[in-house]
Amino acid sequence: MQNSRALILDLRRYPPNFYGYILRNFLGARESIIAKQLNSDLNYPGKYILTEQDEIKTMPSKFNGKVALLVCETTQSRAEYTALWIQNGYNVTTIGSQTAGAGGMMIQQEFVGGFKSYFTSSGIFYPDMTPVQRNGVKIDIEVKPSIQGIIDGSDEVLEKAIEFINSSE
């Protein structure tokens, strides 16, 4: 894989595990802080504390080709956090449409009648304080599947990624 001229990483489904550390070791790390988090202070209701995740070591990439990161509205929570880590690598271009904007620690709330719901108890931000909640991850090349593409069974996001990889830029 290291000698490939490009990689396509598809986060349009929920990943079974967090692969940020492994991908950081392969794609490198441009910045030492990937995300900031806003957590509630349980000792003082209504008070929040802004923290940075532990600093990571910046490192060069072991991969010199283009990286296309595919995302869409089904990219949420762990997938969005994984996307933040991948975006911190070198030569990464994010292609697709707005992600769910639902990252952060999930809290379960149970209601009368046995109904359950979940809500996010923390805010996730890029280091420049751009929020991930409600906005999703940053997109470099926006591609939204068209009705005709869905009817035809084509994957327009993947097609755009292949076009991007084959471009001479």
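The model is a predicted one, where local features need pLDDT of at least 70, side-chain atom pairs count only at pLDDT 80 or more, and totals for chains, interfaces and linings use all residues. Residues are numbered from 1 along each chain as its sequence is written, and side-chain values use heavy atoms, with hydrogens and water left out.

I then placed Val143 in the loop between strand 9 and helix 3 (147–152). Helices (H or I, at least four residues) and strands (E, at least two) are DSSP runs, numbered from the N terminus. Val143 is buried, with a relative accessible area of 11%. Buried is under 20% relative accessible area, exposed is over 50%, and partly exposed is in between (1.4 Å probe, protein chains only). From Val143 to Lys47 I noted 96 residues in sequence and 38 Å in space, C-alpha to C-alpha.

Next I checked phi angles. Most residues other than glycine have a negative phi. Ser77 is not a glycine, yet its phi is positive, about 55 degrees. I found Ser77 in the loop between strand 4 (66–71) and helix 2 (78–87).

Arg134 also is not a glycine and has a positive phi, near 70 degrees. Its loop runs between strand 8 (122–125) and strand 9 (141–142).
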